[in-house]
Amino acid sequence: MWLDRLAGQSTSPALSQPGSRSYSPAPRRTASGLGPYITSQQRPGLGITPRSSSLSLASSESSASSFLASSRRANGSTLKESRTIYAGPDPVEILSTVLGDDERPAKSATMPGVGAISSISAEDLQLEFDFGGLSLKELALSEEPAADGVGVYRPQAAEEYDRDKTKFEDLHRSIGACDEILGSVEVNLENFRNDLATVSADIETLQARSTALNVRLENRKAVEKGLGPVVEEISVSPMVVSKVADGHIDESWVKVVAEIDKRATAHKKNASSAQGSKGLQDLGPLLEKLVLKAIERIRDFFVSQIKALRSPHINAQIIQQQNFLKFRDLYSFLHKHHSALADEICQAYMNTMRWYYANQFTRYENALRKIKLHSLDKTDVIGNEDTSRKGTVLSSSKIAGPPHDAFNLGRRIDLLRTNNTSALSSYLAEEDQSTHYLEVPFRNFNLALIDNATAEYTFLASFFSPALSYSAISRHFTYIFDPTFQLGQTLTKTLIADTYDAIGVLLAVRLNQHFQFELQRRKVPAADGYLNGTAMLLWPRLQFIMNAHCESVRALTSALPTRPPTSKTEQGKLSAAPHVCTQRFGQLLHGILSLSTEAGDDEPVVTSLGRLRSEAEAFLTRYSAAFGNDRRKRERFLYNNYSLILTIISDTHGKLAAEEQEHFEGLKTAFQEAA
């Protein structure tokens with residue numbers, strides 16, 4: 001039995017050590033008579049408290065050994081579990097004997113149930129104990145850890161007392177040093193408090209002064225608000241005086257002059273209401289001198305710029321944009337303070353620009369006169385049998401030119417449809433060796449004239465307004481361009497004087513109308529007089545040419561025999577093919593309709609075209625009479641001629657073209673049966 005072995009080892013040194021552990025690594029169990037050992041909690045009647053470490057330790061160690069042995073037997077053997085009944089001496093008495101406790105046997109003898117039979121169950125065998133990696137002997141010899149928060153008093157040795165004395169002396173010295181530091185801190189805090197009191201007093205003083213200054217500032221602002229404008233009106237800074245007298249004329253100089261103008265205007269306004277103001281009386285002479293000095297410098301500046309316009313090979317528009325328009329306020333100032341001098345400057349400018357444009361366009365016209373032109377004279381009419389082609393230049397010197405077609409529009413209409421808005425330069429005009437029609441020099445001269453007129457009118461309206469009214473500006477514009485306009489009309493008269501080119505004259509009319517629309521878009525009404533005068537030259541000449549065509553057809557009709565030929569030879573010469581006059585009439589009609597897509601019913605060309613059509617129909621009817629009684633041939637002839645005319649004008653558009661197409665479609669249908 002393991003209890004006997006435990007009793008036999010009671011004299012071992014390990015058990016002779018006094019146990020001081022009051023705990024066991026085994027988990028605590030509830031009181032039960034089936035346990036393998038008896039703990040202090042299972043002996044309430046013995047008077048042993050849980051603090052009795054000796055009994056608990058012996059019981060725990062013996063019980064643990066029993067449990068370990070039982071576990072090994074249960075795990076390593078196939079024998080059935082058996083219960084062992086202990087009948088030996090009381091383990092408590094044995095432990096008491098070993099430990100030398102004399103009182104325990106007496107108590108143990110009186111404990112009831114000591115000899116009670118206890119049994120070991122399967123549950124007790126399955127318990128596991130944690131000894132912290134120690135054996136039972138080591139666990140028994142180990143000391144119980146002191147309880148947390150519980151101090152154990154023991155007497156001090158002399159060395160410990162000396163060591164603690166030194167610590168306390170160091171602590172005393174540290175406390176003394178802290179007292180000294182705290183004393184100095186207290187002194188500093190006292191001084192700081194006194195300084196704060198001084199600063200607080202200074203702040204209160206400053207607040208009082210600030211309040212007083214704020215009051216004075218508000219008062220000064222109120223006074224300045226009332227007196228500021230008055231003082232500003234009656235004072236001129238030295239910088240302004242120096243700038244006006246000696247400064248370079250630029251944008252800043254213009255601003256200074258505007259400021260002087262403002263001061264002068266205010267001075268005149270206030271002079272009558274403040275006669276007794278000493279400041280206004282002193283300012284008056286100074287402002288007058290400044291205004292006169294500004295006028296003098298403005299006059300010299302504009303005179304120098306006008307002289308620059310007379311320099312050779314100068315571009316007037318560059319000077320206008322850079323040196324005139326940037327300083328247009330100066331002219332307004334000059335006109336306001338010295339209108340007579342401003343008028344003289346304006347007149348000098350107008351005379352200069354009048355000479356400039358007349359000179360430039362005279363040179364340009366001379367260059368255009370060198371362009372070779374086709375000459376269409378009275379022989380280039382519909383009814384003329386002799387259609388010899390001639391070429392000439394505008395200066396009337398006769399030279400042989402390339403052949404031309406007086407009735408075919410061809411690509412001449414491209415002048416109206418082109419997107420090129422620039423005129424032919426003088427150099428290119430002089431070097432051009434090709435032959436053109438009259439509309440080419442007409443377009444280039446008038447295009448250049450319209451562009452320059454637009455630029456000049458825009459400049460006049462920008463520079464001289466609001467000093468001058470728009471009616472005065474229009475008069476100045478007319479004065480400047482009058483020689484140039486006369487030059488343009490002279491050129492137009494020369495181009496159309498002897499020509500019988502109806503297509504060319506009508507093209508010039510459409511170009512002139514295009515220029516009128518362009519001027520309206522650009523809002524330049526001052527050049528309308530020139531374009532209206534040009535139209536008055538072109539329309540009569542077109543009417544004259546159309547009348548010449550009518551007269552030629554009428555004369556051709558009159559020359560036809562009144563009776564059909566009687567000889568078979570003459571009858572054999574007759575053909576139902578379209579007549580050459582029909583071809584010319586169709587081409588001329590096509591050109592007029594192509595140029596009249598937007599024409600109104602009130603245009604002279606509509607009446608003239610109606611008359612020419614009547615003459616052409618009369619001629620064809622009279623010519624068809626030569627077929628005599630052969631009605632079928634006569635109608636076939638008329639059908640072929642009207643069909644040719646309709647074919648030629650079939651690609652034209654517009655109201656007038658639709659009417660003509662409808663008319664000739666009816667004539668063609670009337671004679672279609674014979675064809």
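**Ground rules**

I number residues from 1 along each chain as its sequence is written, and my side-chain values use heavy atoms, with hydrogens and water left out. Because the model is predicted, local features need pLDDT of at least 70 and side-chain atom pairs count only at pLDDT 80 or more, while totals for chains, interfaces and linings use all residues.

**Entry 1: the second largest pocket**

About 790 Å³ of space lies in it, a volume being the space filled by probe spheres set on the points, which are joined across faces, edges and corners.

I found 33 lining residues (those with an atom within 4 Å of a point). Nearest the centre of this pocket lie Ile413, Leu416, Arg417, Arg510 and His514. Two or more lining residues come from each of α15 (414-417), α17 (439-463), α19 (502-522) and α22 (580-594). My helices are DSSP runs (H or I, at least four residues), numbered from the N terminus.

Which helix gives the most to this lining? It is α19, with eight residues. I sorted the lining into 11 nonpolar, 13 polar and nine charged residues. Here Ala, Val, Leu, Ile, Met, Phe, Trp, Tyr, Cys and Pro count as nonpolar, Asp, Glu, Lys and Arg as charged, and the others, Gly among them, as polar.

**Entry 2: the second largest cavity**

Next I turned to cavities (sets of points where a 1.4 Å probe fits but cannot get out). By class I noted nine nonpolar, one polar and no charged residues.

**Entry 3: α14 and α17**

The axes of α14 (residues 339-369) and α17 come within 11 Å and cross at roughly 165 degrees. I take axes as lines fitted to C-alpha atoms over the stretch in contact, with angles from 0 to 180 degrees between N-to-C directions. That angle is why α14 is roughly antiparallel to α17 (the word is for angles over 145 degrees). Their crossing is right-handed (the near helix is turned clockwise from the far one by less than a right angle).

The contact (heavy atoms within 4.5 Å) includes Tyr349, Met353 and Tyr357 of α14 and Phe445, Ala448 and Leu449 of α17. I sorted the contact residues into 12 nonpolar, two polar and two charged.

**Entry 4: α20 and α23**

Helix α20 (residues 528-559) packs with α23 at an angle of about 10 degrees, with the axes 9 Å apart. The two are therefore roughly parallel (under 35 degrees). Among the residues that meet are Trp539, Leu542 and Val553 in α20, and Leu612, Ala616 and Phe619 in α23.

**Entry 5: α24 and α25**

What is the angle between α24 (residues 631-648) and α25 (residues 655-670)? It is about 155 degrees, with the axes 9 Å apart, and the helices are therefore roughly antiparallel. This crossing is left-handed (anticlockwise instead). In α24, Tyr639, Tyr642, Ser643, Ile645 and Leu646 meet Gln661, Phe664, Glu665, Leu667 and Lys668 in α25.

How values were computed. On a 1 Å grid over the protein atoms alone, a cavity is a set of points where a 1.4 Å probe fits but cannot get out, and a pocket is an open set with protein on both sides within 12 Å along at least five of seven lines; lining residues have an atom within 4 Å of a point. Angles under 35 degrees count as roughly parallel, over 145 as roughly antiparallel, 65 to 115 as roughly perpendicular and the rest as oblique.
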